[in-house]
Amino acid sequence: MKANRFFDWLMSREGIYYVLLAFLLVVIFPLALDAFRLNMIGKYLTYAFAALGLVLCWGRSGILSLGQGIFFGLGGYCMAMFLKLEASSPENTAIQSTPGIPDFMDWNQLTALPWFWEPFHSFSFTLIAVVAVPALLALIIAVAMFKRRVGGVYFAIITQAIAAILTILIIGQQGFTGGVNGITDLRTLMGWDIRTDEAKTLLYFVCVGMLFLCLIIGAWVMRSKLGRILLAMRDQEDRVRFSGYDVASFKIFVFCLAAMFAGIGGAMFTLQVGFMSPSFVGIVPSIEMVILCAVGGRNSLLGAIYGALIVNAAKTFFSESFPELWLYGLGVLFIAVVLAFPDGLAGLYRRYVMPLENKLPALLRRSGGNAPTLPVEETK
Amino acid sequence: MSPSNNDFILAVEGLTVSFDGFKAVNDLSLYLEPKEIRVIIGPNGAGKTTVLDLICGKTRATEGSIKFRGKELTRMSEHNIVRSGVGRKFQNPSIYEDLTVFENLEVSYPAGRSVIGALAFKRDAEVIEAVEEVAKTIFLSDMLHQEAALLSHGQKQWLEIGMLLIQKPDLLMLDEPVAGMSVAERKKTAELLRVITENHTVLVIEHDMQFVGDIADRVTVMHQGQVLSEGSIDHVKQDPKVIEVYLGH
């Protein structure tokens, strides 16, 4: 019964979109691209985690966060701290004045590992911290803001300010955080060298797997009654409040969920790229995440993933050719999306491609092919 | 009328709210009996909507008490006031335009109101039955799966009333339910309110005297934040003070 329903869903139009994405990420990219390019795709996909969270938080619930880089960074730093400790074994760091602590601490005249670094010796603690630390900070921010009914532009500005503060804090506390250089020279994960091509390819698949996990959680939330309440809240917050809902608790939930997604993305970034630095925490990456989400379509989970792939690919391409112009290009892209097609690529797809798809079975039948009959199910 | 009388479903006493010194509602008292339809009328700025805001918790009272079935509402959070049985319809239809009529009613259905509850909520036979029953009452049975944005103005007003009905409140507060409706829609709305009061107490703000006469058990006339007159429709219509400030215009 359950399996049957899953199969039905898989054969529905929505299911086919998911299958196509999985096919693209799991089969086409690994076959078509070399290890270096595949690793780049993996890096782009880590931003898609944050974009997925923004679809839930911004597109669905109307809470614009300009600080997803905070949570991306926290997840990334948690993972980097574990990997750095593993790379800083007493044998590897024998030439330091204090062997066994990360190199940047030694350069900053620290003689012992700070207390908050200690638990990151444990891999299971690190895995929990990757989602728990971003979620905890998100919880504090959300409770402080949403219980006081701070929303809209004010909330966006506050998240942006927190992103700036966190960057300044990380850069300023060089001895504890590695400062502006970040945490670099990461080598192994539980003894397994993550710098080889094979390891990077494997990590790419882990990243895709985690992305689909988040995608499915996101889709489940959107389809539940909670998803409909979030949408209702976006349009008529008072009506929801005066229907007996504690609006703040729903906002807190969705903001924390988005933070957890971003945290997982950050951890996958550290694993695949091999370092973490404050330049992935601050205002610019946070705004980039919003742009990815807007370009893909802020109401579409799948759109967010395509948005992350396309915008990041364009970024790589243009910033290789015209490094100074890229940021302006990004700004123009954002303005164009907001003014001309506010529902992003997903909106364009729904408007122009879906009607063609509806005609497709009929066309195939006329030409004598065996057309699969697509049960038409509107996706919202 | 003894204030401690528990026969009243709603007892408002000495209610005052002051916005920077301006008293929008000033020492107002109001008692509603179960299953009564009470209409509040009065000129613009009399404080009618503010009274509803105070009862449902949207605005906090400066002084006074609001007792609903013996429970004090002035310190309760909005969602707890709703959960204890007070429903409020806003002046402009507040419905969820991007959801279907069915989903609008389902979101209002009083189950799965916590985060976890909403995630675990299942659209079972009981929910579907409740939604269909309310849809029938508000004349929208044939439009359950239409997007709410496509409804006419009158239908949106009915839908919002339906969203309150499905919560089974004891007290229903409606702010100008027939504003902008056609004559035929007004008649149907009056009929709808008659059905509703079989099981609910209703507090209505309205300007349309014809409509007020059709539905009201008792009428309260407000002026400058205070009660000017109270009684049957014929009583207030003949009250010289009411004619002076309201009906005479």
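These questions and answers concern a predicted model.

Reader: What makes strand β7 of chain B mostly covered?

Author: β7(B) spans residues 171–175, and four of its five residues are buried. A residue is called buried because 20 or more other C-beta atoms lie within 10 Å of its own. Four of the five residues in β7(B) are in that class, hence "mostly covered".

Reader: How do you know that β6 and β7 of chain B pair?

Author: Pairing needs at least two bridges between the strands. Strand β6 (residues 86–89) of chain B is joined to β7(B) by four, and the two run parallel. G87(B) stands opposite L172(B) there.

Reader: What makes β7(B) and β8 of chain B a pair?

Author: The count of bridges is five, in the parallel sense, with β8(B) covering residues 201–205. At least two are required, so the pair qualifies. In β8(B), V202(B) is the bridge partner of L172(B).

Reader: Why is the crossover from β7(B) to β8(B) called right-handed?

Author: The chain passes from β7(B) through helix α7 (residues 183–196) of chain B to β8(B). The term applies because, with the strands pointing away from the viewer, the path over the helix runs clockwise.

Conventions: Residues are numbered from 1 along each chain as its sequence is written. Chains are lettered from A and ligands numbered from 1 in the order in which they are written. This is a predicted model: local features need pLDDT of at least 70, side-chain atom pairs count only at pLDDT 80 or more; totals for chains, interfaces and linings use all residues. A residue is buried if 20 or more other C-beta atoms lie within 10 Å of its own, exposed if 12 or fewer, and partly exposed in between; C-beta atoms are placed from the backbone.
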